[in-house]
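The briefing below is meant to be read with the structure in view.

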Amino acid sequence: MDTTKTLAPTAAETDAAEEQAAPDTAAATTAAEGAAPADGAAEPAVEAEAETPAATEAGAAGDEDAEFDEDAADGEDSGHGSGVGAAATSIVAAGLGLVALSGSWVSRVIAERQTLIGQIESVNATTAKEKIAALYGDAWHMTALVNGVLSTLALLLAAFVLARPAFGTPGRVLPVWVRSVSWAAVALGVLGVLVFGLMYFDLLVALPTAAQ
């Protein structure tokens, strides 16, 4: 009898304790579920912050490439290119000046032709002076004339290259090596014109004369 009375209240108290613990467990579960999305939401934010500098650098690099392409296009359109024409002209001018001073193939061929003509004309020459002029003097003068023309052409081409920027795009400057080659061509041209001019007029080296 006493045992039965003691167990009944104990069972009732146990049920009440379980009912009271159930809401606490449900509240703890709900709180844990609510905290999980918060933590999960924090991770994408960190990833976004980590990716932001890389994206910024990529955008800056893209902007720099675009600006470089625009500058290159503007340079080509405005004529600020590499100056291939001026460079080629300066090299040609220097080559002509050097060839003129060393003797060109054209001048040699023309001189040989004039020598042949002089041999034919020397048959009718009556004096030694006329024979020397026909055989050597005319060929000598033709050589000086042709090489002098080449030197003059070299001088004009080099002067054109050096003066071209003054009449072209404002602010355009030729590369240093182009200007150096052009000035070298100017020097060779002036020297050639001077030497061959004196030779043509028999002022540098006179024709030999025979005793009468």
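This is a predicted model: local features need pLDDT of at least 70, side-chain atom pairs count only at pLDDT 80 or more; totals for chains, interfaces and linings use all residues.

**Packing around helix 2**

Helix 2 and helix 5 run roughly parallel to each other, because the angle between their axes, roughly 30 degrees, falls under 35 degrees.

*Helix 2 with helix 5*
- The axes of helix 2 and helix 5, the latter spanning residues 176-200, come within 8 Å, and helix 2 passes helix 5 in a left-handed crossing.
- The residues of this contact comprise 15 nonpolar, four polar and no charged.
- On the helix 2 side the contact includes Ala87, Ile91, Ala94 and Leu98, while on the helix 5 side Trp177, Leu188, Leu191 and Phe196 are among the residues that take part.

*Helix 2 with helix 4*
- Helix 4, which covers residues 128-163, packs with helix 2 at an angle of about 155 degrees, and their axes are 8 Å apart.
- With that angle, helix 2 is roughly antiparallel to helix 4, and the crossing of the two is left-handed.
- Among the residues making this contact are Thr89, Val92 and Leu96 of helix 2 and Asn147, Leu150, Leu157 and Val161 of helix 4.
- The contact of helix 2 with helix 4 involves 11 nonpolar, five polar and no charged residues.

*Serine 90*
- Leaving aside its neighbours within four places in sequence, serine 90 is in contact with Val161, Val178, Val181, Ser182 and Ala185.
- Serine 90 takes part in the contact with helix 5 and also in the contact with helix 4.

How values were computed
Residues are numbered from 1 along each chain as its sequence is written. Side-chain values use heavy atoms; hydrogens and water are left out. Contact means heavy atoms within 4.5 Å. Axes are lines fitted to C-alpha atoms, for helices over the stretch in contact, and angles run from 0 to 180 degrees between N-to-C directions. Helices (H or I, at least four residues) and strands (E, at least two) are DSSP runs, numbered from the N terminus. Angles under 35 degrees count as roughly parallel, over 145 as roughly antiparallel, 65 to 115 as roughly perpendicular and the rest as oblique. A crossing is left-handed if the near helix is turned anticlockwise from the far one by less than a right angle, and right-handed if clockwise. Ala, Val, Leu, Ile, Met, Phe, Trp, Tyr, Cys and Pro count as nonpolar, Asp, Glu, Lys and Arg as charged, and the others, Gly among them, as polar.
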